[in-house]
Amino acid sequence: MPILCGLLADLLLKKELKLVTAESCTGGMISAACTDLAGSSNWFERGFVTYSNDAKTELLGVEERLLKRAGAVCEGAARAMVLGALAHSHAQVAVAVTGVAGPTGGSPAKPVGTVWFGFAVPGQVITEKCHFEGDRAAVRAATVRHALTRLVELLG
């Protein structure tokens, strides 16, 4: 992850942009990966760990009725989380993740390994769903890797 974080840092610094994260299933792992890099205070603005639905609602403004209707692991939640992170920060770039890391909590519609991502870069908001194989640690690590990789792609 240090190489990905270095690439991300270079892009954000070059474009004079700051990053905010909104994390559920990763519990702050994306923020930790970013802030492991010396000098990250120049481009990392803040991170929200919104593991519970209440946290998503209170800190990011995700509508409670969306979470009750569709659950936290859905496209709408990822979009609301990434937009809420931007609205509640001074950043211009955001990533949000919400998923089922396992080993429990999955369903036929949302099996363990299902993760929704929200990305916001100047001029666009993108959501995407991925499915990662493996145990809890593998799903979470793959989620962090994908989040960082996509940010680099979108900013590059």
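**Close-up views of a predicted model**

**Figure 1. Strands S4 and S5 form a hairpin.** Histidine 131 in S5 is the residue that stands opposite threonine 114. The model shown here and in the other views is predicted. S4 covers residues 114-121 and S5 covers residues 124-131. The pairing of these two strands is antiparallel and runs over eight bridges. Two residues lie between the strands of the hairpin, and glycine 123 has a positive phi there, near 95°.

**Figure 2. The open sheet has five strands.** Their order is S2-S1-S3-S4-S5, and the pairing is mixed. Strands in a sheet pair through backbone hydrogen bonds, and the pairing can be parallel or antiparallel. Which strands stand at the edges? They are S2 (44-49) and S5; each has a single partner strand, so one side of each has no neighbour in the sheet. From one strand to the next, the twist averages 10°.

**Figure 3. Strand S1 pairs with S3 and with S2.** S1 spans residues 19-23 and runs parallel to S3, to which five bridges join it. The pairing of S1 with S2 is also parallel and also has five bridges. Threonine 21 can be followed to both partner strands: valine 95 is its bridge partner in S3, and glycine 47 stands opposite it in S2.

**Figure 4. Both faces of strand S1 are covered.** In a regular strand, side chains alternate between the two faces of the sheet. How many of the residues of S1 are buried? Five of its five residues are buried. Leu19, Thr21 and Glu23 lie on one side, while Val20 and Ala22 lie on the other. The list of buried residues thus includes a charged one, Glu23.

**Figure 5. Leucine 19 is a buried residue of strand S1.** Its relative accessibility is 0%; buried means under 20%, so leucine 19 counts as buried. Leaving out residues up to four places away in sequence, leucine 19 touches residues that include Leu8, Leu12, Trp43, Phe44, Val93, Val95 and Leu151. Glu45 and Arg46 are also among the residues it touches. Leucine 8 is 11 residues away along the chain, and its C-alpha atom is 9.6 Å from that of leucine 19.

**Figure 6. The largest nonpolar core has 34 residues.** Which residues have the most contacts inside this core? They are Leu8, Leu19 and Leu148. At least two core residues come from each of H1, helix H2 (29-35), strand S3 (93-99), S4, S5 and H6. H6 gives the largest share, which is nine residues. There is also a second, separate core of 17 residues, with Leu60, Val62, Ala72 and Met81 among its members.

**Figure 7. Helices H1 and H6 cross in a left-handed sense.** Two packed helices are described by the angle and the distance between their axes. For H1 (residues 2-15) and H6 (residues 136-155), the axes come within 9 Å and the crossing angle is roughly 35°. On the H1 side, the residues that meet H6 include Leu4, Leu7, Leu8, Leu11 and Lys15. On the H6 side, the residues that meet H1 include Arg145, Leu148, Leu151, Val152 and Leu155. Sorted by class, this contact between H1 and H6 contains 10 nonpolar residues, one polar residue and two charged residues.

**Figure 8. Valine 121 is a buried residue of strand S4.** Its relative accessible area is 7%; the cut-off for buried is under 20%, so valine 121 falls in that class. The C-alpha atoms of valine 121 and cysteine 74 are 20 Å apart, and the two residues are separated by 47 residues along the chain.

Figure 9. Most residues other than glycine have a negative phi, and most peptide bonds are trans. Is glutamate 16 buried or exposed? Its relative accessible area is 70%, so glutamate 16 is exposed. The peptide bond that joins glycine 102 and proline 103 is cis, with omega about 5°.

Terms used: Residues are numbered from 1 along each chain as its sequence is written. This is a predicted model: local features need pLDDT of at least 70, side-chain atom pairs count only at pLDDT 80 or more; totals for chains, interfaces and linings use all residues. Side-chain values use heavy atoms; hydrogens and water are left out. Axes are lines fitted to C-alpha atoms, for helices over the stretch in contact, and angles run from 0 to 180 degrees between N-to-C directions. Helices (H or I, at least four residues) and strands (E, at least two) are DSSP runs, numbered from the N terminus. A crossing is left-handed if the near helix is turned anticlockwise from the far one by less than a right angle, and right-handed if clockwise. Contact means heavy atoms within 4.5 Å. A nonpolar core is a set of buried Ala, Val, Leu, Ile, Met, Phe, Trp, Tyr and Cys residues joined through side-chain atoms within 4.5 Å. Buried means under 20% relative accessible area, exposed over 50%, partly exposed in between (1.4 Å probe, protein chains only). Two strands pair if DSSP finds at least two bridges between them.
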